[in-house]
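Here is a short note for a colleague who is opening this structure for the first time. Please read the points in order, with the model in view.

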Amino acid sequence: MKKTLIIYTHLHKNRTGVTSCIEQVIPEIKAKYDVILIGSLISEAKQFSLIPGLRCAFNYIKQGHPVIWHVHRNNELLIAITFRVFMAKTKIIATRHSAKKPSLFSKFLYARADRVITLNREMHEALGLPSNLIPHGISPNCFKNKELEIENKKQYIGVVGRVRPLKGQIDVVKALIPIFKKNENWDCFIIGKYRQGYYHEIIQLIEEAKLSDRFIFTGEISNIYPYYNVMDINVITSYTEGSSMVPLEAMLCHTAVVATENIGTNSLLIEPGFNGELFASGDITKLREILLDLTNNVEKIDLYKKRAYQNVCENWSSQAEANKIMTIYEEVNKI
């Protein structure tokens, strides 16, 4: 048994960007610490439901070993704070994933963590508490051994993420409708669990344009690699983000990325005109100009793919992220 137990939590019924970010760092953390997961959907660590997980943590403390909870949501943070009331030698690291100004209750909870991690400067400033800024990274092997399941019949634009207003999928559809009416060589995947009202609003636009066969809604999927693998362009239209895994995943899969500027880490990842393109959130006219240019310029797409892949492999590794996180673990263990 190693000296410190790290408890990761995933008390959520769906796979989200939070799921992906936890999956990236756990293999690196396990090389130095004992790691368990309280929750589900993440196979990289031994999984426990809540009560057995608490028993495991209690046994470590009983043997004189410290326990560090690394939580990612308010409900998980509340559980960790409650556990610490009864168990000394417990430390709490809380990663904040929202760039919105926190509610008074959320701020109350985060103020009681031993360390807070934020993912970008916007998030740090909105939280209004001391925090360590650590953007997400990605493992070059995260899609290893994934099978190709989609036949690449056409050229594809992809939009990945929960289909809801803040993700802005409707902006992509509005930008693409005039392009698709003149260019039959491209289709669009819209990938993610959707909210009925917003989904039907998008569908209505597509049906009115008589392009229902050109926009493919997949719903939530467990293996996204085949879709990334056939995408030529990935479009990120979010109005707010923490440190999204989507541009990292797309770049790793040799996809040209078009994203909203100054949202999450998009502007840190992408140098416009060099390894991708940026546009202001909600600027459908600019997005249309970018997509029209790219769909008519395969050489530029190929160049962006190559440069984006090189950038993410050299500068955005999950190992670097994990090393920064483990430095925080070491610091709190000395408190």
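1. Start with a strand pair. β8 (residues 155–160) and β9 (residues 186–191) run parallel and share six bridges. Ile157 has Cys188 of β9 as its bridge partner. Strands here are DSSP runs of E with at least two residues, helices are runs of H or I with at least four, and both are numbered from the N terminus. Two strands count as paired if DSSP finds at least two bridges between them.

2. A word on the source. This is a predicted model, in which local features need pLDDT of at least 70, side-chain atom pairs count only at pLDDT 80 or more, and totals for chains, interfaces and linings use all residues. Residues are numbered from 1 along each chain as its sequence is written, and side-chain values use heavy atoms, with hydrogens and water left out.

3. The pair belongs to an open sheet of six strands with parallel pairing, in the order β10-β9-β8-β11-β12-β13. β10 (215–219) and β13 (277–279) are its edge strands, and each pairs on one side only. Neighbouring strands are turned by 20° against each other on average, direction ignored. Axes are lines fitted to C-alpha atoms, for helices over the stretch in contact, and angles run from 0 to 180 degrees between N-to-C directions.

4. What lies across this sheet? Helix α12 (residues 298–315) lies across β8, β9, β11 (231–236), β12 (256–260) and β13. It runs at about 75° to β11. Contact means heavy atoms within 4.5 Å.

5. Now the other sheet. Seven strands form an open, parallel-paired sheet in the order β3-β2-β1-β4-β5-β6-β7. β3 (46–48) and β7 (132–133) are at the edges with a single partner strand each, so one side of each has no neighbour in the sheet. β2 (residues 34–39) pairs with β3 in the parallel sense over three bridges. Ile36 stands opposite Lys46 in β3. Helix α2 (residues 50–62) packs on the sheet and touches β1 (5–10), β2, β3, β4 (67–71) and β5 (90–95). Its direction makes about 150° with that of β2.

6. How many aromatic pairs does the structure hold? There are seven. One of them, Phe180 with Phe215, is tilted, at 5.1 Å centre to centre and 40° between the planes. It links helix α6 (residues 169–182) to strand β10, 35 residues apart. Rings of Phe, Tyr and Trp (its six-membered ring) pair if their centres lie within 6.5 Å; planes under 30 degrees apart are stacked, over 60 edge-to-face, and the rest tilted.

7. Last, the lining of the largest cavity. Its 13 residues include His72, Thr95, His136, Glu321 and Ile325, which lie nearest the centre. A cavity is a set of points on a 1 Å grid over the protein atoms alone where a 1.4 Å probe fits but cannot get out; lining residues have an atom within 4 Å of a point. α1 (17–30) and α13 (318–333) each give two or more residues to the lining.

Key
On a 1 Å grid over the protein atoms alone, a cavity is a set of points where a 1.4 Å probe fits but cannot get out, and a pocket is an open set with protein on both sides within 12 Å along at least five of seven lines; lining residues have an atom within 4 Å of a point.
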